[in-house]
Amino acid sequence: MRLVAEDLACVRGGRSLFAGLGFAVHAGEALIVTGPNGAGKSSLLRLLAGLLPPAAGRIALEDGDPERSVGTAAHFVGHLDALKGALTVAENLGFARALLGAGGMEIEAALAALGLERLAEFSARMLSAGQRRRLALARLLISPRPLWLLDEPATALDADGQETLARLMAQHLSGGGLAVIATHAALKIERVVEIRLGVGGIA
Amino acid sequence: MIAALRAVLARDVTLAFRVGGGGGIGVVFFLAVVTIVPFAVGPDLPLIARIGPAVLWIGALLASLLGLDRIFAADHEDGSLDLLLITPIPLEAIAAAKGVAHWITTGLPLVVAAPLLGLLLGLEPQALAAATATLLVGTPALTFLGLIGAALGVAMPRGGLLVAVLILPLTIPILIFGVAATTAAVTDPLPFGTPFKLIAALSLASFVLGPIAAAAALRQLRD
């Protein structure tokens, strides 16, 4: 499987963030997107997830199910954790599973993998920022999807959480998965391709 | 797909009950509108009974506009909308499921409260039954038309009043036929069936068109 982007352009609010951007990510590879604030890293991820229409260019997941759009083959963990404070931790994850499709880990196992097993019955409103992030990342495990789109996944995570994230990422990639990660922090991942977005184009 | 839609519906209903501010507030507002009418009109029971169906319908209409703006805005603010958009399920179906959940938590309580509030206005049993029946059939139309406004207001932080103002004109036909059917049930020469069927038709049409228009608006404003 291969994620291909050709000649991508993104315009937000009348301002061109980048143009003529192209790359290919192969199975087992992670693409790290770096660049200064406002360079368009988050926009690129939203573009890949199909949450924003590109101003120009083409995005495709080759050798996959042709009926499936890139977005529906992807997990998207953005700045917002997509959690409902009024639901418990387990209910939040259960809802994500019903929505994204089962087939991965059970809820308890996914929570345990992120170190949240003791919080399953707590309301998500009570979680700290790092725990919210861990819960958002637990979505990656409950429903198997080949492409992970992560926007600053290590934000608010402690050292243990970052290690867990690196381990889960390594497992995902060694299983033939793909990932596109926008980050400032150095992640301990092998087989990395990097693109650097500059303000107003590729640096 | 059905399981996912059921999950959306169940989540929205659960959230409405846990967070509060949905159906309960709507019914209290409905009660407030209905109780102030006798103060404004004066102690003229026959007059109040005659305008009773109209008062019930106006109260239910205004109450159903409350909380409309939160249908999509809450999901937009916490990022859940992104999650809903990367599923293989069409956005139209998700919007419809959210509309059904909104009707269960805000529309249905109004229908249940209507006969009790009708008693306050001194409506006859026949008018009570007719008003409740028309509200049962008509409130889904209010909710699904409201979906369009909710989607248009998604990116506005204080869109509540704007959504209500946008949607109110669209609901006028439902109000006209709702009151007409109820009045027809108590005054003999007019048929009840015709306006009642028209409300049912409006409800069915808005059930189809509302989610489609809402999904189109969400796609445009998603930025």
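Predicted model: local features only at pLDDT ≥ 70, side-chain atom pairs only at ≥ 80, totals over all residues.
Residues are numbered from 1 along each chain as its sequence is written, and chains are lettered from A and ligands numbered from 1 in the order in which they are written.

**Stop 1: the sheet.** Select residues 2-12 of chain A, which form strand S1 (strands are DSSP runs of E, at least two residues; helices are runs of H or I, at least four; both are numbered from the N terminus). S1 belongs to an open, antiparallel sheet of three strands, ordered S2-S1-S4 in chain A; strands pair if DSSP finds at least two bridges between them. At the edges lie S2 (15-26) and S4 (56-62) of chain A. Eight bridges join S1(A) to S2(A). Now click A:Val4: its bridge partner in S2(A) is A:Ala24.

**Stop 2: the contact between chains.** Show chains A and B together: 20 residues of chain A are in contact with 20 of chain B (C-beta atoms, placed from the backbone, within 7 Å). Which helix supplies the largest share of chain A's side? That is H2(A), with five residues.

**Stop 3: a helix in chain B.** Select residues 125-152 of chain B to see helix H7. Of its 28 residues, 23 are buried, so H7(B) is largely enclosed by the rest of the structure (buried: 20 or more other C-beta atoms, placed from the backbone, within 10 Å of the residue's own).

Terms used
Expected span 1.5 Å × (residues − 1). Buried ≥ 20, exposed ≤ 12 C-beta atoms within 10 Å, placed from the backbone. Contact = placed C-beta atoms within 7 Å.
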